[in-house]
Amino acid sequence: MSYQVKQTLQNEEREMRAVYCETLCQMAREDSRICVLDADLIGSSGMGPFFKEFPDRAVDCGIQEANMVGMAAGLSAAGMVPFAHSFAPFATRRVMDQIFISCAYGKQNVRIVGSDPGVTAAYNGGTHMPFEDMGCLMSIPKITLVEPCDSVQLEQVIRMLQDAYGVYYIRMLRKNAVGIYEQGSTFELGKIPVLREGKDVCIAASGIMVAEAMKAAKVLEERGISAAVLDCFCWKPLDEATLAHWAGVCGCVVTAENHNIVGGLGSAVASALAKTHPAPVEMVGVQDEFGEVGTVDYLQNRFGLTAAAIVSAAERAIARK
């Protein structure tokens with residue numbers, strides 16, 4: 001793992017879905033096993049170029065997500081490396097049994113991609129707003145759960161999965177992310193990148209909340225509080241050793257996720273620290289609620305997914321030490 005954090009954080013020029021498609025196209029040109037499936041969302045997923053270039057390795061399954069995941073398991077059994085996409089709630093809770101039995105229990109080699117995580121579902125509203133997708137899958141044995149925070153990390157994750165084996169879920173933002181990493185950065189599944197060191201509080205964040213955590217760390221610094229920031233892009237397996245180390249250094253932890261704190265990153269971190277290094281944990285995330293319609297900015301404020309919320313949680317955590 002070798003990564004460099006950008007000095008200035010701003011929105012990336014390329015959308016995450018474009019990077020997803022371009023990366024898979026490049027891989028498919030070199031590897032005839034790469035194939036994709038989609039659930040009537042080719043335009044939304046940005047996968048049109050792949051379908052055009054590789055029509056014999058691309059299947060639009062229609063609005064039949066359970067069938068799509070079953071097909072992915074079958075393609076795996078035939079030696080292919082399938083990437084199956086739908087909006088996150090339909091790629092997870094709607095097909096839980098197929099992921100569990102056909103893919104994981106069947107020891108197949110499948111990548112499931114769920115897009116528009118959490119509040120990024122925006123105007124699609126509560127029915128399409130996945131605050132539970134990672135939590136639904138967390139209890140499946142041996143599954144790997146990842147949430148890349150920007151396009152550099154997404155590309156590296158996709159490439160890592162070319163020759164990996166198992167069931168992987170990728171929680172992917174479709175639109176423009178805030179750029180966190182410089183080009184050329186590399187990562188390791190199950191290992192946490194440390195974006196910033198600190199001694200007073202450790203902030204463990206994921207996805208869109210990584211940028212919020214970095215903003216919060218600057219505000220805290222202005223208040224004389226030193227905050228470490230960890231990018232927990234791999235929720236399972238979770239890097240318990242790195243979490244324990246920074247909990248020991250800082251004495252308290254704040255988690256930040258675009259997800260329900262029940263069964264989410266906060267729950268996973270608290271469970272890990274209970275085994276390794278007990279410390280006060282404050283959780284910034286959706287407080288066991290359903291989603292609703294709105295802009296991403298409105299929804300982040302509505303559900304408390306902001307740098308200001310992280311700052312407040314950090315002060316509470318420090319007071320509990």
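Biologist: Is H85 buried or exposed?

Modeller: The model before us is predicted, so local features need pLDDT of at least 70 and side-chain atom pairs count only at pLDDT 80 or more, while totals for chains, interfaces and linings use all residues. Residues are numbered from 1 along each chain as its sequence is written, and side-chain values use heavy atoms, with hydrogens and water left out. As to burial, a residue is buried under 20% relative accessible area, exposed over 50% and partly exposed in between, with a 1.4 Å probe and protein chains only. H85 has 0% relative accessibility and therefore counts as buried.

Biologist: Where is H85 found, and with which residues is H85 in contact?

Modeller: Helices (H or I, at least four residues) and strands (E, at least two) are DSSP runs, numbered from the N terminus. H85 belongs to strand β3, residues 81-87. Contact means heavy atoms within 4.5 Å. With neighbours within four places in sequence left aside, the contacts of H85 include Y20, D38, M68 and S115.

Biologist: Why is strand β1 described as largely enclosed?

Modeller: Strand β1 (residues 34-38) is largely enclosed by the rest of the structure because five of its five residues are buried. I34, V36 and D38 point one way from β1, C35 and L37 point the other way, and all are buried.

Biologist: In what sense does β1 pair with β3 and with β2?

Modeller: β1 and β3 pair in the parallel sense over five bridges, with C35 opposite P82 in β3. β1 and β2 also pair in the parallel sense, over three bridges, and the partner of V36 in β2 is A58. Elsewhere in the sheet, β5 (residues 144-146) pairs with β6 (residues 167-172) in the parallel sense over three bridges, and V146 has I170 as its bridge partner in β6.

Biologist: How should I read the packing of two helices, and at what angle do α4 and α6 cross?

Modeller: Angles under 35 degrees count as roughly parallel, over 145 as roughly antiparallel, 65 to 115 as roughly perpendicular and the rest as oblique. The axes of α4 (residues 65-77) and α6 (residues 96-105) come within 9 Å and cross at roughly 10°, which means that α4 is roughly parallel to α6. A66, V69 and A73 of α4 make the contact with Q98, I99, S102 and C103 of α6. By class, these residues are five nonpolar, two polar and no charged. In this scheme Ala, Val, Leu, Ile, Met, Phe, Trp, Tyr, Cys and Pro count as nonpolar, Asp, Glu, Lys and Arg as charged, and the others, Gly among them, as polar.

Biologist: What angle is found between α10 and α11?

Modeller: The axes of α10 (residues 240-250) and α11 (residues 265-276) come within 9 Å and cross at roughly 75°. α10 is therefore roughly perpendicular to α11. Their contact has six nonpolar, one polar and two charged residues.

Biologist: What is a salt bridge, and how many are counted?

Modeller: Side chains of opposite charge can pair when their charged atoms come close. A salt bridge is a side-chain nitrogen of Lys or Arg within 4 Å of a carboxyl oxygen of Asp or Glu. By this rule the count is 20 salt bridges. In one of them, K215 and E212 have their closest N and O atoms 3.3 Å apart. Both lie in helix α9 (residues 209-222), three residues apart, about one turn of the helix. K215 is partly exposed at 44% relative accessibility, whereas E212 is buried at 12%.

Biologist: Which parts does the salt bridge of E315 and R223 tie together?

Modeller: The side chains of E315 and R223 meet at 2.7 Å, N to O. E315 lies in helix α13 (residues 307-319) and R223 in the loop between α9 and β9 (227-231), so the pair ties together parts that are 92 residues apart in sequence.

How values were computed:
Axes fitted to C-alpha atoms, helices over the stretch in contact; angles between N-to-C directions. Pairing = 2+ DSSP bridges.
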